[in-house]
Amino acid sequence: MFRNLRVLLLLFILATVAVNAWRARATVSGWQRSLIVGIYPINGDGSPVSDAYLTRLERDRFKPIETYLAAQARTYGVAELRPVMISLARPRSTRPPQPPAGGSAMDAILWSLQMRYWAWRNDDIAGPNPDIRIFVLFHDPQAYPSLSHSVGLEKGMIGLVNAFASRGEDGGNMVIIAHELMHTLGATDKYDPTTLQPRFPGGYADPHQEPLLPQHRAEIMGGRIPVSHSEAAIPRSLDKTLVGPATATEIGWKHR
Ligand SMILES: [Zn+2]
């Protein structure tokens with residue numbers, strides 16, 4: 001009996017989520033108005049360092065994402081002046097369910113359902129309802145020199161980002177947030193998952209450059225700046241990246 005109820009509840013959540021995601025997608029594909037992106041900062045490691053960082057966190061810190069996407073959209077002739085508007089939720093200390101490491105497709109689906117449910121339960125953002133929700137878990141960089149990977153549910157309008165609680169890392173954090181945000185809008189990764197090397201030509205910012213390597217910028221979904229055939233550097237700010245034509249097509253900025 002309880003099992004049936006649980007299945008029913010899950011199906012109900014799934015249906016609600018599907019309808020909402022479809023509505024958001026319909027809005028997104030047109031780029032007729034600004035999309036509201038809710039950023040939900042979370043103390044990811046429970047540390048005092050993250051706490052101190054979060055108490056000083058302001059909406060303006062995320063402005064580079066708005067400016068960047070506006071400039072990139074313009075290069076593809078998207079008329080909307082501000083394609084994305086950031087809205088910042090108050091910091092919280094409850095952490096969302098962690099994505100399965102590896103795991104089966106079923107694990108991934110279950111996690112995405114749990115994540116959507118958690119997002120729905122933990123939404124107390126002020127102002128209009130966001131179209132896209134990005135949960136950012138901040139970590140003390142001294143204790144966590146490297147972070148587990150971030151996730152953007154493809155076309156799912158939800159992202160989970162692991163970031164550093166340090167002003168010095170703000171630029172790098174913005175790159176990761178923008179990358180996951182692009183996933184939620186339908187963009188796909190353009191790098192080799194085993195070597196992390198950007199794929200040519202889609203994952204290159206300047207595929208026509210001669211000589212081709214080293215590149216000086218990263219394509220946002222290529223993730224890194226190809227330096228040689230086997231090395232790539234992490235971009236430290238959005239200025240070091242651009243949205244390539246393949247990504248622009250995927251998110252509806254450019255028609256095939
Ligand atoms: Zn990705």
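Predicted model: local features only at pLDDT ≥ 70, side-chain atom pairs only at ≥ 80, totals over all residues.
Guide: Residues count from 1 along each chain as its sequence is written; side-chain values use heavy atoms, without hydrogens and water.

Visitor: In what order do the 5 strands form the open sheet?

Guide: Strands are DSSP E runs of at least two residues, helices H or I runs of at least four, numbered from the N terminus. Pairing needs at least two DSSP bridges. Here the pairing is mixed. β2 (84-88) and β4 (151-152) are the edge strands, each pairing on one side only. The order is β2-β1-β3-β5-β4.

Visitor: Which residue in β2 is the bridge partner of I39?

Guide: Strand β1 covers residues 35-43 and runs parallel to β2. The two are joined by 5 bridges. In β2, I39 has as its bridge partner L88.

Visitor: What spacing do the donors of the zinc ion follow along the chain?

Guide: The protein donors are H179 (NE2), H183 (NE2) and D189 (OD), 2.1 Å from the zinc ion. H183 is buried at 5% relative accessible area, while D189 is partly exposed at 30%. Donors are N, O and S atoms within 2.8 Å of the metal (3.2 Å for Na, K and Ca); with water not among the atoms, sites may look incomplete. Along the chain, the donors of the zinc ion are spaced H-x3-H-x5-D.

Conventions. Buried < 20%, exposed > 50% of the residue type's maximum accessible area, 1.4 Å probe, protein only.
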